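Take a look at the chain below. Keep it in view while you read.

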Amino acid sequence: MATWNSRGLRGSTLEDLINRTNEKYREQGLALIQKVPTPITPIKIDKEHRHITLAYFEQKSTVDYIGAVQGIPVCFDAKECVSDTFPLQNIHPHQVQFMEDFERQEGIAFLVLLFSQRNELYYLPFGRMKEFWDRAREGGRKSFRHEELNPDFVLHPHGGYLVPYLDGIKKAIDTLD
């Protein structure tokens, strides 16, 4: 897996790894997942270099990715954490609501987490994330620790799949049976 130094580069690197994985899944006919664009309104544009230098978000985004895996609707968000403690403030209430509504429609919602200090990818099923979320809302910890996660959901890159979240989906489905 690639290494990085700046916060912004980490985000674009995780997104790039997921996008490349999505392309490989599409090529193999395994899944069709797309990045959800975040609508912005440009405020300042550098006309000489043709890029936006200042903008604001038009509306709250839902999740980072949405699509279908073998006919099953899927949505997920990609999050990063430098330490072994993930602050729940990195997940927004409207995202939790969207994922909850999505699962009510028989879709699968989850997070792909990158613990960058460990260089570890993790599949967090929505139900488990919601337990942490509810615990915080009831006055408990406003974060969760790496040690609270099930090690079976660590994602190990293989076969050209850099972020093999289909492995996590399969494990999550298998635990329901």
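## Ground rules

This is a predicted model, in which local features need pLDDT of at least 70, side-chain atom pairs count only at pLDDT 80 or more, and totals for chains, interfaces and linings use all residues. Residues are numbered from 1 along each chain as its sequence is written, and side-chain values use heavy atoms, with hydrogens and water left out.

## The whole chain

The protein chain holds four helices and 10 strands. Both are DSSP runs numbered from the N terminus: helices are H or I with at least four residues, and strands are E with at least two. Along the sequence the order is α-β-β-β-β-β-β-α-β-β-α-β-β-α.

Of the 177 residues in the chain, 39% are buried. Buried means under 20% relative accessible area, exposed means over 50%, and partly exposed lies in between (1.4 Å probe, protein chains only).

Contacts are the next topic. A contact means heavy atoms within 4.5 Å. Among contacts between residues at least 6 apart in sequence, 61% join residues at least 24 apart.

Q34 gives an example of residues apart in sequence. Q34 sits in strand β1 (residues 31–35). Leaving aside neighbours within four places in sequence, Q34 touches D64, Y65 and I66. Q34 and I66 are 32 residues apart in sequence, yet their C-alpha atoms are 5.6 Å apart. Q34 counts as exposed, at 53% relative accessibility.

The table lists the distance between end C-alpha atoms beside the expected span. That expected span is 1.5 Å times one less than the number of residues.

| Helix | Residues in helix | End-to-end C-alpha distance | Expected span |
|---|---|---|---|
| α2 | 12 residues | 17 Å | 16 Å |

Now for the sides of each helix. An α-helix has 3.6 residues a turn, so residues three or four places apart point the same way.

Start with α2, which covers residues 93–104. Its buried residues are Q95, V96, M99 and F102. They cover an arc of only 125° around the axis, which puts them on the same side of α2. The arc is that of the directions from the helix axis to the C-beta atoms. On the other side, P93 and R104 are exposed. The cover over the buried residues of α2 includes β4 (65–69), β5 (72–81), β7 and α3.

Next comes α3. Here F126, M129, K130, F132, W133 and A136 are buried. Seen down the axis of α3, these buried residues fall within an arc of 160°, so they line one face of the helix. They pack against α2, β7, β8 and β9 (143–145).

## Positive phi angles

Most residues other than glycine have a negative phi, and most peptide bonds are trans. Which residue just after α2 takes a positive phi? E106 does, at about 70°. Just after α3, G139 has a positive phi of about 100°.

Q70 is not a glycine, and its phi is positive at about 50°. Q70 lies in the loop between β4 and β5. Its relative accessibility is 58%, so Q70 counts as exposed. N119 is also a residue other than glycine, with a positive phi near 55°. N119 belongs to the loop between β7 and β8. Its relative accessible area is 37%, so N119 is partly exposed.

## The second largest pocket

Rolling a probe the size of a water molecule over the atoms shows where empty space is left. On a 1 Å grid over the protein atoms alone, a pocket is an open set of points where a 1.4 Å probe fits, with protein on both sides within 12 Å along at least five of seven lines; lining residues have an atom within 4 Å of a point.

The second largest pocket has a volume of about 230 Å³. That volume is the space filled by probe spheres set on the points, and grid points are joined across faces, edges and corners. The lining has 15 residues, and E103, P125, A172, I173 and L176 are the closest to the pocket centre. Two or more lining residues come from each of β7 (108–115), β8 (120–125), α3 (126–137) and α4 (165–176).

Which element gives the largest share of the lining? Helix α4 does, with five residues. By class, the lining has 11 nonpolar, three polar and one charged residues. Ala, Val, Leu, Ile, Met, Phe, Trp, Tyr, Cys and Pro count as nonpolar, Asp, Glu, Lys and Arg as charged, and the others, Gly among them, as polar.
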